[in-house]
Structure formats: C-alpha cells, structure tokens
Amino acid sequence: MNEPPTTRPAVQGTVRPDDVRSVFDAVSKGEAFETCVHPEVAEEDAVLEVSDFDLWYGEKRALYQIGMRVPVGKVTALIGPSGCGKSTLLRCVNRMNDLIDSVRIEGDMRLSGDGIYGPKVDVIELRKRIGMVFQKPNPFPMSIFENVIYSLRIDGERNRTVLDEVCERSLRGAGLWDEVKDRLQDSALALSGGQQQRLCIARAIAAEPEVLLLDEPCSALDPIATGRIEDLIEELKGAYSILMVTHNMQQASRASDYTAFMYLGRMIEFGPTESIFLRPELQETEDYVTGRFG
Amino acid sequence: MVWLTGGSLALGLLMVFGLFGLVAIRGFSTFWPSEVVRFTTESGEVVLGQVRGSEERLLTEDQLQQLEDQKGAETVAAVRANGDRTERRRVRSVNLFDTDKNTTAWFDDFELEGSTAGLDGAWERAIERPEWALTVERYAEGRYFGELVGFRSGDTVEEDLDAAWAAFEASRARVDEARADWKYIVGVRIGRDLSAATKDAELSARKVALNEGEGSVEHLAAVARAEELGDENALLTKELQAEANTIEQGARDAALLVRNARGEVDEIEVWDVVRAIPANRIGTLGALGVYVDRWLEFLIDDPRKANMEGGVFPAIFGTVLLTLLMCFVVVPFGVLAALYLREYAKQGLIVSIVRVAVNNLAGVPSIVFGVFGLGFFCYFVGGELIDPLFFPHYGNEPVYGGGGIMWASLTLALLTLPVVIVATEEALAAVPSSMREGSYACGATKWQTIRRIVLPRAMPGIMTGMILAIARGAGEVAPLMLVGAMKVAQSLPLDAQGLHPERKFMHLGFHIYDLGFQSPDSEAAIPMVYTTTLLLILIVVALNLTGVWVRSRLRQRYAAAGA
C-alpha cells in the first residue's frame, strides 16, 4: 500500500469524472448504493453466498446490506481500512459472532446452498464444515498430534490408523510435517510462532472443510514466516475455497484471485484481484489500493 | 521508600523464621536423652532428674526483701554478691511429689545446698551425675528417675551393676514378645473382634425386630442367636483373658531394682518398662540411638498416658486422611461452582453479588463453620436423616448423628470452598479467549471446549486453589473440636475393612491444643507440644510441596513458553 503500483491503471477513462467519490459521499450520508461487482464474479460457482446481510453490535450497526459470492476453489481477499467490518463479516460465516451476546443480524448467508442462519441450523455441525485460522496463532494446550486431530477427537474418532493418517495429511498440507514428524507428542506451545500458525492451518484443514476462513493469518508473524504462509495459501488453492481478511495490500495482490474492498461496513467493490488492483471501477478503490487513503 | 518496604519484608521474614526456628529447635531437641543429675536443696530435699532449660533473672529490691524474709540474710548476700542475678533451671523429676502431677519445677541457684558460699559455680558444685542413673519410661505411670542397684529375676537378685544391666537387656526381648502377644489378645481378639461380633449380633436382632415386628418368630430366633453368640463370646473372652493373664504372669517375674532420690529402693517390673536409659553412661552414639528410637515411636505408635508419651500415629493418620478427604470434596465441588459462575452464568448484578458473597465466606470465623457443621451435618443430616433411615436398629446410639471424619471433612470443605472457587475463577478467566474461539471454530460444543481446552489450561491455577485450601484446612482446629476430633480415638477411620466415615478421629492440631492446655501435667507436656507442632508444620509443608510439584508438572504440559 505504501508502494505505488508499477503501472498506473489504464482504465482511468472508464471512471466517469462526475462519479469521483460519489460512493463515499453516499456512504457518509447514509444513502443506499449498489456494490460494484465485476462481471467475472458471476461466472464462478459460489461456495458461499451472502445477500442483504446486516449486523448490529447492540445499537451500533457494523454491516450494511452486504452481498457477495465466494467462488469455489479460489482465494478471496477482504481488504479495507481498520474497523470497516472485514473480520466481522468473516466471523459471521462460521457464526463466531454468536459468542457475543449483543450481536443481532439480518439477511441471508448460504454455504453450498444450505442456510447458515436460521432456527433449525445446527451451529456445531455447520462449524465442522468451515475451517478458521485466527490472527494470533492459538494452538491448544496439548500435543502437536492432538492439536491437529482435535476436530476428529471431539467427534469421538478413536481409530488410530485414521487419526495418524489425518494428522500426516493435514501436517503435510500445512507444510509442517517434515519439521515436526519426530516430535508429534511434544507440546504444541513449544513451537515457533510461524510453526504454530501453520499448525493452526493443519488443524483447520484436518476436517476437510468446504471453506477456509483466514483472519489476517500473518499479522503476528515475521516476514519469513509470512512468506511461508503465503506460499501455503497458494498451495491450498484449488483444494480449498479460501476467504481471507488481510491488511497487507501486497499480500492480497500476491495471494488472492478475487478481492473485495470494504469501507464503513459496506462492500464497495468486488472483482478479480488483478482488476481491483490495476483497473478498479471506482475512484475510491483506486485511492485505497494505491495508498492515497486509508 | 525502599527501606520501608525492604524493612517490612525483613521484619516479616524474621518473625516467620523466628517462629519456625523456635519450633524446630525445641521440637527436635525433645527426644534427646539428656543427662540425669542429682542435687540437694538447702532445705535438704534430694532431687534426681533432667534439666529441661535454664534462664538468668535479675531480682528486684522487693524480691530480695521477700527472699530475705524467707531464706535469711546469707542467701540474699550471696545473690547481692552476684549482682542481684541468679540463674534458675527447670528440672523434670518424678520425685518432687508423690503423685506424678507437675513433675517439672524451677530451681534457683540460691536454693541449692552450699549456695551461700557464692552463686558463681553453685550449680556445678551442687550437682553430681550418678553413673548408673536411669531414665525409665513406663507404660502406665510415666517417667521415673532413679539409680540402678540391681536386677531381680524370679527369686535371684543380681547386684553387680554391669551384670544386672546385661540381665535386664536380655530379659527385654522375651518380655517384649510376651507383651506383644498379650496386647494382641487383649486389644485385637477381645477388644475388637469379639466385642464387635457380639455387638453385630445384637444389632441384627434389633434390626429383625424393627423389620418383622417385636416378638415375631424371626425376632425371637435372632435374639436367641444373639444370646447364644454372646454367651459363646463371653466364654471365649474368659478363656482368652486367662491366656493373657498367664502370659502376663509369666513375664512379670523380672524387675529392675532402682533407688529413688529419697534413697528408697523401688522395684520396676520389666513388663511395665517401655525403655530404660542409663543416660549418663550411653555417650553420644548411644544417645543418638535413643533419639532415633524415640522419633520412630513418636511417628508410628499410639499415644500413652493422656497423650503425653508415646506416639502420635493416629493423629498423623487422621490429619492426612482428613485433608485428603477434604480435597476430594472441595476441589470438584469448587471447580464446578467456579465453572458455572465464569462460563455458564450470565455476567451481571446477580453473579457479582454471588461472587462477593463467596469471597466474604472466606472471612467467616472457622468456629462458625464448626457450629454449622455440628448443627447441619451431624445433627440434621446425620441424626435426623441418615440414622433413622439406615441405622434404626442402633436406637438412640448415634452412628452418623455425631462427629465423624466425614462430617469434619465436609465442614473443612465448606470452609475452604471460597479459596478454591476464587482461584479457579481466576484461572478460568486467564485462559485466552483465542483458545476458546479456536475450539468453537473446530466445531466443539461448549462442554467439549471446557473439558478439553479450558480445564487443562486452567489446571495449574486450580492446583493453586487446592494448595491454598490444604494450607488453610490442614492447620484448622477450632471447627474440628465440634465435628469429631477426639483426644483419644479407639480405632482408625480407615482400616482393613475400608473407610469408616462415621468414626471419630485424632488430629495433630487438636492434639497440640490438648497437650498444651488440657493435659494433667502441662509443664511436662511442653516439649511434646513443640514436637507435635513441628510435625504438623512438616506435614502441611509436605502436602503443599506435593501440590506444588504436581502443579509444576501440569504447567510444563499445558502452559509452556509463548502461550
């Protein structure tokens, strides 16, 4: 974001001069506006569909009429300034916001066509279909092995062969197997920060989730560990559908296929990453991705 | 400021270590067999005994005046010549009075024979250390100090002292064996097995009466059976008693001949002797042997003579068992309560009030818990609910309706509950929310998250609560006096038949109180008070260290660096 894009967007002309900042004007006045969705998004199959989604923390409204489709097998990045509702939106997908008493939501969210909200939804079953990795590595106070197979343990899986298999597959998937294969019974808390985060990714993919949520997965890591996680995201693409929140513009441009720009609880623009960074439809998006604001 | 804070800490440490040092020094020195001395007082009384401590004192003018009235000018002159100072010694001797009450007394230097020649060195001039002075510990009558003059075996008397001592030691083994047989017959066969069998039969007869009706066929049959068994047992008791008497008679044929301070020769049968020590002859190594022997006796034997002699094993056992039972109750109970408060209850005014109330509970005087335990557990739950339901055939005799180790441990559990709840709540609050979220995100339920993530992570903190509870509970005495601690308990609350939660028990804390303040000869019991205190402190420390060790193991496992 601090670094200017190598090429200036060649699409300056597509933004009508009288539209400049009109979206932000509408947002600040509280007026309704249409999210600018690029046509490529509609061509993809969606694993997660969000429509007209609103959220309140008590009296304070945090999300406004969010609508988006997260494509299957692709990496989708959520960007935007702090407090714009990226993480809130992400945590709505696996209903982590249920843990906060004051939260109230309206609207619809569907995972592979099944409603996420609704009186009949079994939250526990739902969360098993969704993997999540948090900002700070949060390994559990148990061995590396037990960490990885946690979701199987709570389902009561006891077959040692199955557990061993899942553990190895997940750790390989998270690029951690070679580093820890000889000390699976050691405490996970003794690993380094980067290793812990990859362990958390291994834990998240152990249950073969339909969608993987990454909430700023690199913000607590050093550059080298960050690089490894980004490589890992690249490798996981295809096998998993990933929705990721990031503050790091370069990371979004490097690692993701699609990018959504959010501002003040609204989704402003959503499209292929290349378009968003190089040829955004809106002046506001361009200002943000080039670091002129935000 | 640094001086103020540092000084406060230093003062605190000084008091703690001072107290512990005093207890340790006095406690460890109790069992050392010190020399036996003989001296004559000015009034002509001969004293034979052990010095148990000394102090120097400065006499005031008034006291000197008084002394002159009592003892005459010469004595006072001697004291004045010594700068108004006199040293006095506490001497334990059985010959001061004919009864063995108050066997310990103070002797000032000016009371000694020949002290008018000058107080300086009066003690050394007055005393002699008879070579064959014996300290005799007896089963029934406590200590005896005397000089060995011979040994009688049957009708023959050995007067050569070395040979007499050898004969005494030779007869010890035989008499000890006989005494062990006798004790088994009287204590276990008669005192426990037979009387228990007789009582069981009577109780089951009463039970039948309650179930089938008074005077029914079954009742009469049961009564007949009980009577028959009672008669059989009475006969058996008589036979066993006769056998025991034969053993006792056979072993009562040997005796030590000892001259007491007044010059009379007493006969002390070997049967009555626990231990005889020629204190002035044994030397350091011998004294060490006696010291170790006495410590072993103290740790593994039953008490004798109003608890002033012998061991405290039942009290150690009671203390440890009580504390463990308390832990088994208070830790699960406290952890569950804290879990509800912290994890399930909606945080708000009511929960805050509950929390304050729990904290205040920790400030309630412990005797109040004792009264509550007596009223609620013993009288209500035990006396009104359990006894009429399960033990109606005991009649008016309380089973659970009186004090017992179960009620005592429940009372202590109540007393220490706030400590556990507060510590557990803090430990639960310290579990990072990111861990809980991670668990929920994996599809875990609330209970799975608590059981697999929160509780293991909070375990070291919970252990801290348990350690604090032990520290508070193990040293508590006041409530125990009401709910089941006994001066002398006939049987242990845990034996080969299992746990007897209704039984009364002995407790080291209560033992200290009893020795120091309720004993017929509290002066003589003071050293035992120190030793028992030392032991109680050591046991509490040992229990705590076990907890600390377990906690550090858990810390390594669940909360390593970086988390």
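A:Val50 stands opposite A:Met68 in S3(A). Strands are DSSP runs (E, at least two residues), helices are DSSP runs (H or I, at least four), and both are numbered from the N terminus. Two strands pair if DSSP finds at least two bridges between them.

This is a predicted model, where local features need pLDDT of at least 70, side-chain atom pairs count only at pLDDT 80 or more, and totals for chains, interfaces and linings use all residues. Residues are numbered from 1 along each chain as its sequence is written, while chains are lettered from A and ligands numbered from 1 in the order in which they are written.

S2 and S3 belong to an open sheet of four strands in chain A, with order S3-S2-S5-S6 and antiparallel pairing. Its edge strands, S3 (60-71) and S6 (114-115), each pair on one side only. Helix H3 (residues 86-93) of chain A lies across S2, S3 and strand S5 (103-111).

Chain B has three assigned domains; the bounds come from an automatic or database assignment.

| Domain of chain B | Residues |
|---|---|
| domain 1 | 36-130 |
| domain 2 | 155-252 |
| domain 3 | 314-491 + 502-558 |

The centres of domain 1 and domain 3 of chain B, taken over C-alpha atoms, are 51 Å apart. Over residues 316-547, chain B is 75% helix and 2% strand. The end C-alpha atoms of that stretch are 19 Å apart.

For the complex, the predictor gives an ipTM of 0.87 and a pTM of 0.81.

Note on methods
Two residues are in contact if their C-beta atoms, placed from the backbone, lie within 7 Å. Axes are lines fitted to C-alpha atoms, for helices over the stretch in contact, and angles run from 0 to 180 degrees between N-to-C directions.
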